[in-house]
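Please keep the sequence and the model in view while reading.

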Amino acid sequence: MHNMIYTREPEYERNFWNAMRGKGKAIADIDKGLNKDTGTFALPNAADNDYAKAIIVESLFRQIATTAKAYDTSFTIFAKYCSDLAKFVPENGNIPIYESADDFTPYKIENWKLAALIKCDEDFVHDAAFDFKKYLVTRLARNFGKAETSGFITGTGDHMPTGILHDTAGAEIGTETSSLTYDDIIKLYFSVKDEYRSKAVWLMNDKTAMTLRTIKDSAGNYLWRSIDDTIFSKKIIISEFMPDIAKGNKPIAFGDFSYYWVVERRTISVRPIYEKFAANNQIGYLAIEFLDGKLIRPEAIKVIQIS
């Protein structure tokens, strides 16, 4: 799917957008872009590039995680845990050799399907003044972006990515508490090794953020630095998919999210649906994306567990 030269051809692009607008038999002219497994068609190259830019804006994790492409049928990430360090040695002295045979941990990447079905009024689709191409790409990016963020946070690993809050394959518990205090945030901060704190960020929802904004130390200084929205000089990111402060929940995550890998498995593809929504003068669009997500170094991100 990733080496589709024909998606760059002007003829394919023209026929693709004609098909999306329901014009004539244009859909028969884009059969080269058909994904037989899903019945959807690959985006033209220009639209695919626009989507790649839009999804970064809409998907929170694509802004802080590591994104990779793996369009092969199988793929494995090898995560390296190492303790090797450079050392000073005397002239003609022995060079220390670090045994690293057990440092590599393999993570199998799956091929999970993410689907979105949206509808557009035909009047807009056929309006020459309406930028339908931009609208469709942006709307798909918005839908997929929210769904991706949800999966990368709360995903179970069963037909979806493995989220950072997963009990066994997600972030490690940095500290446990029955109610959030200034000291609890300090404990969470220092539970993350210094090598991961340099690029670390905080992740929480709005309700948790509101609670943290009111917390002060013994001298009356606020924990939250309002001038730049940081805690201990680390950026705070808000997501509606992080849980509230409640027993059994993990409402705050802190660490280096670049160790969470978002892996694209196929390019996005779309299929127009005419008949089903014709009575309402609408055209439906089924879009499919294949991807996976895994935290490849659990110690890089720590969470607070509410007991």
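## The chain as a whole

The protein chain has an accessible surface of about 16,600 Å², and 49% of that surface belongs to carbon and sulfur atoms. Such areas come from the Shrake-Rupley method with a 1.4 Å probe, and for residues only the protein chains shown count as cover. The model is predicted: local features need pLDDT of at least 70, side-chain atom pairs count only at pLDDT 80 or more, and totals for chains, interfaces and linings use all residues. Residues are numbered from 1 along each chain as its sequence is written, and side-chain values use heavy atoms, with hydrogens and water left out.

Taken along the principal axes, the C-alpha atoms of the protein chain fill a box of roughly 70 × 60 × 35 Å. Of the 307 residues in the protein chain, 46% are buried (buried means under 20% relative accessible area, exposed over 50%, partly exposed in between, with a 1.4 Å probe and protein chains only). Among contacts (heavy atoms within 4.5 Å) between residues at least 6 apart in sequence, 78% join residues at least 24 apart. The protein chain has eight helices and 14 strands; these are DSSP runs numbered from the N terminus, with at least four residues of H or I for a helix and at least two of E for a strand.

Six strands form an open sheet of mixed pairing, in the order 7-14-11-8-10-9. Two strands pair if DSSP finds at least two bridges between them. Which strands stand at the edges? They are strand 7 (172–177) and strand 9 (230–231); each has a single partner strand, so one side of each is left without a neighbour in the sheet. Helix 8 (residues 206–214) packs on this sheet and touches strand 8 (201–204), strand 9, strand 10 and strand 11 (252–255).

Strand 9 and strand 10 (residues 234–238) run antiparallel and are joined by two bridges. Within this pair, isoleucine 231 stands opposite lysine 234 in strand 10.

Most residues other than glycine have a negative phi. Aspartate 229, in the loop between helix 8 and strand 9, has a positive phi of about 50°. Serine 233 is found in the loop between strand 9 and strand 10, and its phi is also positive, near 70°.

| Residue | Phi | Relative accessible area | Class |
|---|---|---|---|
| Aspartate 229 | about 50° | 31% | partly exposed |
| Serine 233 | near 70° | 65% | exposed |

Helix 2 (residues 45–58) has 14 residues, which should span 20 Å at 1.5 Å a residue, and its end C-alpha atoms are 20 Å apart, in agreement. The expected span is 1.5 Å times one less than the number of residues. In helix 2, Ala47, Tyr51, Ala54 and Ile55 are buried. They cover an arc of only 100° around the axis, which puts them on the same side of helix 2; the arc is that of the directions from the helix axis to the C-beta atoms. An α-helix has 3.6 residues a turn, so residues three or four places apart point the same way. The face turned away from the buried side of helix 2 carries the exposed residues Lys53 and Val57. Among the elements covering the buried residues of helix 2 are helix 1 (10–20), helix 5 and strand 12 (260–273).

Helix 5 (residues 132–154) has 23 residues and reaches 33 Å from its first C-alpha to its last, close to the 33 Å expected. Its buried residues include Phe132, Leu140, Phe144 and Ile153.

How values were computed. Axes fitted to C-alpha atoms, helices over the stretch in contact; angles between N-to-C directions.
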